[in-house]
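Dear colleague,

Please find below the structure that I am handing over to you. My notes on its pockets, its cavity and some of its strands follow.

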Amino acid sequence: MNYLNESFENRLKKLEGVHHDLVTSKNIAEDTWNGIYRRFNNPVLTRAHAPLHWRFDLSKDRNPLLLEHLGVNAVFNPGAIYHDGKFVLVTRFEGNDRKSTFALAESESGVDGFTFKGGPLIIPETDDPDTNIYDMRLTRHEDGNIYGVFCTERRDPSAPAHDTSSSIAQAGIVRTRDLINWERLPDLKTNAPQQRNVVLHPEFVDGKYAWYTRPQDDFIEAGRGGGIGWALSEDIDGAVINEETIIDERIYHTIKEAKNGQGPAPIRTEAGWLHLVHGVRPTAAGLRYVLYMFMTSLKEPWKITHAPGGHLIAPQQGERIGDVSNVVFSNGWIEHQGTIYIYYASSDTRIHVAVSSVDRLVDYCMKTPPDGLTAHGSAEQRRELIEQNKPFLRKH
């Protein structure tokens, strides 16, 4: 059998059918869940969701063999916002060439039916062009604008010629009102050698723009960077941060031992600000990324009021497999009518959704005990729960 002998027309028809079935398929919530959030059976976006005309030249004259000349390697780490009645993701859209762009996808349900719109977003360059851009956090700010803060990567100019992997990461900033036209602002300036996971707070604090930062010494390792920082800038057009205060530090032998970083912008609730963040610890198989939460004061959003111990979401089953295995990462969530949609990527490859509510996540943050920090402390917490439950155990 000649596996390669297929007409242009038949091959295109099959590709169109498979793509249509994928983007129109319904996503079903998993039967079992922990009461905090529900996962869904399928990812909401993968590289296969990319429109055919973003990947193939559909002209039979130019591409008679219907080859995919601009392949898509992964779709992951989306910023998220509810806009004009739809759930919108600004995804990290990575080609086979390893370069990332941003691409917008939207859905009416928030759990399925996501389709890409237009084409890759064209983000204006600064005088020092980006080599790569990725992981946009979207913030609808009280100044009336929507801001996107993303990682901009450039080669380290101090690296020797033979070193082709040393990079410098900083925070790029764009501004929009319609998610179509994007104005590039100057990159955020701080005193840290590198910045990752920078997020704009949704409200002014003391009349200033407020930021969550993650100062670090080099591109991969946090080094002396102590955790998630808090900082203020007088303006956002040419924003400058002179001082960062660590509000959520890295801690030995915890899920945030190696690194931690703010995920999306926090969600305001009556009880305080809900924060979704990621923690990283080293393992024999490499770095393990999980998601965890904390709450901060409404009046003083840099002060943590509740810090539940352990992870909220960790990679499981097929989520553990991908370009960078054993990773879950989130930089986008949406609160809509009391329901919270958590968009997270697994193993730098695909995007999933977990659905919870404001009430459930507030309860989780306020009533889950903090990390016991030692084996004895953790055992005492579980023993206390067991003792409290004894009057309620059912006899079989």
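What volume does the largest pocket have? Its volume is about 980 Å³. The structure is a predicted model, in which local features need pLDDT of at least 70 and side-chain atom pairs count only at pLDDT 80 or more, while totals for chains, interfaces and linings use all residues. Residues are numbered from 1 along each chain as its sequence is written, and side-chain values use heavy atoms, with hydrogens and water left out.

Some terms are needed for what follows. The search runs on a 1 Å grid over the protein atoms alone: a cavity is a set of points where a 1.4 Å probe fits but cannot get out, and a pocket is an open set with protein on both sides within 12 Å along at least five of seven lines. Lining residues have an atom within 4 Å of a point. Points are joined across faces, edges and corners, and a volume is the space filled by probe spheres set on them. Helices (H or I, at least four residues) and strands (E, at least two) are DSSP runs, numbered from the N terminus.

The largest pocket is lined by 35 residues, of which Arg92, Tyr134, Arg196, Phe219 and Ile220 are the closest to its centre. Strands β2 (72-83), β3 (86-95), β6 (132-140), β7 (146-155) and β19 (286-296) each supply at least two residues of this lining. By class, the lining has 10 nonpolar, 10 polar and 15 charged residues (nonpolar: Ala, Val, Leu, Ile, Met, Phe, Trp, Tyr, Cys and Pro; charged: Asp, Glu, Lys and Arg; polar: the others, Gly among them).

The second largest pocket holds about 610 Å³ of space. Among its 23 lining residues, Gly309, Thr368, Pro369, Gln381 and Arg382 are the closest to the centre. Helix α3 (residues 375-389) gives the largest share of that lining, six residues. Seven nonpolar, 11 polar and five charged residues make up the lining of the second largest pocket.

Cavity and the sheet beside it in these notes

One cavity of 30 Å³ or more is found in the whole structure, and the largest cavity contains about 40 Å³ of space. Its lining includes Asp135, Val149, Cys151, Gln170 and Arg196. Strand β7 provides the largest share of this lining, three residues. Five nonpolar, three polar and three charged residues line the largest cavity.

An open sheet of four strands runs in the order β6-β7-β8-β9, with antiparallel pairing (two strands pair if DSSP finds at least two bridges between them). Its edge strands are β6 and β9 (183-185), each pairing on one side only. Strands β7 and β8 are joined in the antiparallel sense over 10 bridges, and Val149 has Ile173 in β8 as its bridge partner.

Thr213 belongs to strand β12 (residues 209-213). Thr213 counts as buried because its relative accessibility is 0% (buried means under 20% relative accessible area with a 1.4 Å probe, protein chains only). Strand β14 (residues 227-233) has six of its seven residues buried, so it is largely enclosed by the rest of the structure. Strands β12 and β14 pair in the antiparallel sense over five bridges, and Trp211 has Ala231 in β14 as its bridge partner. Strand β14 also joins strand β15 (residues 245-249) through four bridges, running antiparallel, with Trp230 opposite Thr245 in β15.

Yours sincerely

Conventions
Buried means under 20% relative accessible area, exposed over 50%, partly exposed in between (1.4 Å probe, protein chains only).
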